[in-house]
Amino acid sequence: MKNDILIPGILEYIRSTVRAKNEDMHDYAKKHDVPSVEPETGELLRLLASVLKPASVLEIGSGIGTSTTYIKQGFPSAKITGIDHNPNRIAVAKTLCIELENVEFISESAVAYLNRTAETYDMVFIDSVKRIYPLMWQTVKSRVNKGGLVIFDDVLLFGMLAMETAEVSKKYRQGRDELLNFIEEIKNDMPASSTLLPVGSGVLLVNF
Ligand SMILES: C[S@@+](CC[C@H](N)C(=O)[O-])C[C@H]1O[C@@H](n2cnc3c(N)ncnc32)[C@H](O)[C@@H]1O
């Protein structure tokens, strides 16, 4: 689906400024029609990791490892755990990211993984199905270290959050309403520590 949250032309300009291109990852995603973070979202992750210097990172919905690669480029010493319930994607990530050190990819549902572990993290990137974002928030918020950051991707649902209900195609309405409630919930939970950026299809940052 095309990105509808920016005026025409500006996305191409922003993409022309992205530093860590990671073309092999984006080309693979395009060729095999698998999802991966947009280059400008990847660049934001790279920059956030380089500022935050997270010792431990959890990725929920690591896919083929594009977001993992950007985060690692931002802070090469980070220990990254990437979770994805699709074993094929994990297999591809292990191949494409073979040179990244201290990265573990695990094929498991995010809920199952979080329930069976107790680790805490300095940075959590969540890019799974949007339906489980409220559950992910409830589960992850007690697992973030002080000063840490939680990042949710695609929260503006291609601009649909700002549309009237009648303008949104029926198949997206429930998802849109769930995301609106979820963003409200975060605002109430962390009033002064969250912000929504119009990067990619919308990135929500929550600082602890
Ligand atoms: C948008 S893609 C992730 C792209 C990835 N961040 C990247 O940049 O390469 C979403 C991924 O989330 C995974 N996923 C969705 N729901 C999940 C869940 N409940 N637990 C674990 N993985 C999940 C899907 O299998 C899919 O690969």
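The legends below describe close-up views of a predicted model.

**View 1**
Seven strands make up an open sheet, in which the order is 3-2-1-4-5-7-6 and the pairing is mixed. At the edges stand strand 3 (103-107) and strand 6 (194-197), each of which has a single partner strand, so one side of each is left without a neighbour in the sheet. On average, and with direction ignored, neighbouring strands of this sheet are turned by 15 degrees against each other.

**View 1. Strand 4 and the strands that pair with it.**
Strand 1 (residues 56-60) pairs with strand 4 in the parallel sense over four bridges, and one of the residue pairs here is Ile60 with its bridge partner Ile126 in strand 4. Strand 5 (residues 144-153) also pairs with strand 4 in the parallel sense, over five bridges. Between these two strands, Tyr121 stands opposite Val144 in strand 5, while Met123 stands opposite Leu149 in strand 5. Is strand 4 largely enclosed or largely open? Six of the six residues of strand 4 are buried, so this strand is largely enclosed by the rest of the structure.

Strand 6 and strand 7 (203-207) run antiparallel, and four bridges join them. Among the residue pairs is Thr195, whose bridge partner in strand 7 is Leu205.

**View 2. The largest nonpolar core.**
In soluble globular proteins, nonpolar side chains tend to be buried together. In this model the largest nonpolar core has 46 residues, and the ones with the most contacts inside it are Ile71, Val124, Ile126 and Val150. Strand 4 (residues 121-126) gives the largest share of this core, namely five residues. Which residues does Val124 contact, once its neighbours within four places in sequence are left aside? Val124 is then in contact with Leu58, Val140, Val144 and Val150.

**View 3. The surroundings of Met123.**
Met123 lies in strand 4 and has 26 other C-beta atoms within 10 Å; because a residue counts as buried when 20 or more lie within that distance, Met123 is buried. If residues up to four places away in sequence are not counted, Met123 touches Ala49, Leu52, Pro54, Val57, Gly148 and Leu149. Met123 and Tyr70, by comparison, are 53 residues apart in sequence and 13 Å apart in space, C-alpha to C-alpha. Helix 3 (residues 39-52) lies across strand 4, strand 5 and strand 7, and runs at about 175 degrees to strand 4.

**View 4. Helix 4 and the shell around the ligand.**
Around the ligand there are 21 residues, of which Ser36, Gly61, Gly63, Thr66 and Ser128 come nearest. Which elements give two or more residues to this shell? They are helix 4 (66-74) and strand 2 (79-84). Sorted by class, the shell has seven nonpolar, 11 polar and three charged residues. Eight of the nine residues of helix 4 are buried, so this helix is largely enclosed by the rest of the structure. The buried residues of helix 4 include Thr66, Ser67, Thr68 and Thr69, and Tyr70, Ile71, Lys72 and Gly74 are buried there as well.

How values were computed: Residues are numbered from 1 along each chain as its sequence is written. This is a predicted model: local features need pLDDT of at least 70, side-chain atom pairs count only at pLDDT 80 or more; totals for chains, interfaces and linings use all residues. A nonpolar core is a set of buried Ala, Val, Leu, Ile, Met, Phe, Trp, Tyr and Cys residues joined through C-beta atoms within 7 Å. A residue is buried if 20 or more other C-beta atoms lie within 10 Å of its own, exposed if 12 or fewer, and partly exposed in between; C-beta atoms are placed from the backbone. Two residues are in contact if their C-beta atoms, placed from the backbone, lie within 7 Å. A residue is near a molecule or strand if its C-beta atom, placed from the backbone, lies within 6 Å of it. Ala, Val, Leu, Ile, Met, Phe, Trp, Tyr, Cys and Pro count as nonpolar, Asp, Glu, Lys and Arg as charged, and the others, Gly among them, as polar. Two strands pair if DSSP finds at least two bridges between them. Axes are lines fitted to C-alpha atoms, for helices over the stretch in contact, and angles run from 0 to 180 degrees between N-to-C directions.
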